[in-house]
Amino acid sequence: MTGGVATGIGSWPGTDPREAAATIIGELPALPHLVELPERGIGADMIGRVSALLVDLRFDSTTRGYRLAARPGAVSRRARDVLRADLDAIEEAWETAGLAGTGRVVKIQSAGPLTLAAEVELPGGHRVLTDSGAVRDLSESLAEGLARHAAEVRRRLGAEVIVQLDEPRLTTVLDGSLQGPSILNTIRALPEPEALHILDTVITAQSAPVLLHTCASRPALSTLGRTAAAGISFDASTITTADLDPLGEILDAGKKVALGLAPTAAPATPPTWRTIAEPAVRLIDRLGFSRRLLADQILITPTCGLATATLPWSRHALTLLTEAARALTEDPDSITAD
């Protein structure tokens, strides 16, 4: 995993995997990713998609979302069909771009074990997070399935792979603010050592570098930094003064940091690549690091997935990010950050 590049978070507007794959490979030449298209419905969203990855576990749907199922059903079949279509699409686009077998890098994404345990229900209706044995089984199944998935992508494309784990629920799991199916069902805060063990169960099972991502409004940077992940990813606009020390420690440890800089909706004032890049420069200056670190350890991304954005803005956001990454790498001292 290298710094000084732009990439996407994962989700994208629309329902056509071939068009999406071609766009992502064209707009993000340094680090494209396997696109997620949640507009296709059940089995295509961040949680349902994982049913296609799990080993010896699968999901069914409920009125509230997903639950563990005793046997394969329509949801797991749908998730596998969708993922297969996405893999076929990126393989075709990869070959068309002349990238097959070149060893270029591609990123794949999956919901992480804590977010899955927080979102998915047991057959009885309680969240998986309330059953430590079920959490262990889910984490181990995801770890094995994600490693198999990365190996298939590597084989199909002749590419190196980065694995992104999405943990938007991490903060609520740690602080105990997650709600049960009713007000009478409380869910305890998960102690950080337990959370780290669960995350590292999946991270250390991968032969590829892992980028740990959260879109939470309060990213748990201290916890993220203590994992075995090679890098962390978050919305840069959420950083407060209290986050500076843990962020500095993460960078001092040599981990990569992916900063979410491009908004997920077109702002009223059209941004330029410079307005996208400036917050990254300000943050590095505030932390007291040399701007050279922007090329070595910093990646830049949208603030979160782009599934709800318009297609024109999504494409333009990636163009701005690519231009900003180039400037941050080639001449960061030329960017003012007042």
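Predicted model: local features only at pLDDT ≥ 70, side-chain atom pairs only at ≥ 80, totals over all residues.

Student: OK, which helix is His149 found in?

Tutor: His149 belongs to helix H4, residues 132-157. Helices (H or I, at least four residues) and strands (E, at least two) are DSSP runs, numbered from the N terminus.

Student: And what does His149 touch?

Tutor: Not counting residues up to four places away in sequence, His149 touches Leu34, Leu53, Leu83, Leu87 and Ile108. Contact here means heavy atoms within 4.5 Å.

Student: Switching to the whole chain: how many helices and strands are there?

Tutor: The protein chain has eleven helices and eight strands. Its radius of gyration is 19 Å, close to the 20 Å that the globule rule gives for 338 residues, so the chain is as compact as a globular protein of that length. That radius is taken over C-alpha atoms, and the rule is 2.2 Å times the number of residues to the power 0.38.

Student: How much of the chain is buried?

Tutor: Buried residues make up 56% of the 338.

Student: Now the sheet. What's the strand order?

Tutor: Six strands form an open sheet in the order S3-S4-S5-S6-S7-S8, with parallel pairing. The edges are S3 (105-111) and S8 (298-302), each pairing on one side only. Two strands pair if DSSP finds at least two bridges between them.

Student: What holds strands together in general?

Tutor: Strands of a sheet pair through backbone hydrogen bonds, either parallel or antiparallel.

Student: Let's look at S6. How many bridges join S6 to S7?

Tutor: Five bridges join S6 (residues 231-235) to S7 (residues 256-262), and Ser233 stands opposite Ala258 in S7. S6 also pairs with S5 (residues 210-213), in the parallel sense over three bridges. There, Leu212 has Ile232 in S6 as its bridge partner.

Student: Why is S6 largely enclosed?

Tutor: Five of the five residues of S6 are buried, so the rest of the structure largely encloses this strand. Gly231, Ser233 and Asp235 are on one side, with Ile232 and Phe234 on the other, and both faces are covered.

Student: Which residues touch the most other members in the largest nonpolar core?

Tutor: Of its 105 residues, Phe59, Leu116, Val128, Val257, Leu259, Ile298 and Ile300 touch the most other members. A second, separate core of six residues includes Ile162, Leu211, Ala258 and Leu299. A nonpolar core is a set of buried Ala, Val, Leu, Ile, Met, Phe, Trp, Tyr and Cys residues joined through side-chain atoms within 4.5 Å.

Student: Last one: is Ala195 buried or exposed?

Tutor: Ala195 is buried, with a relative accessible area of 0%. Ala195 is found in helix H6, residues 192-203. Leaving aside neighbours within four places in sequence, Ala195 is in contact with Leu114, Leu174 and Leu190.

Note on methods: Residues numbered from 1 in each chain as written. Heavy atoms only, no water. Buried < 20%, exposed > 50% of the residue type's maximum accessible area, 1.4 Å probe, protein only.
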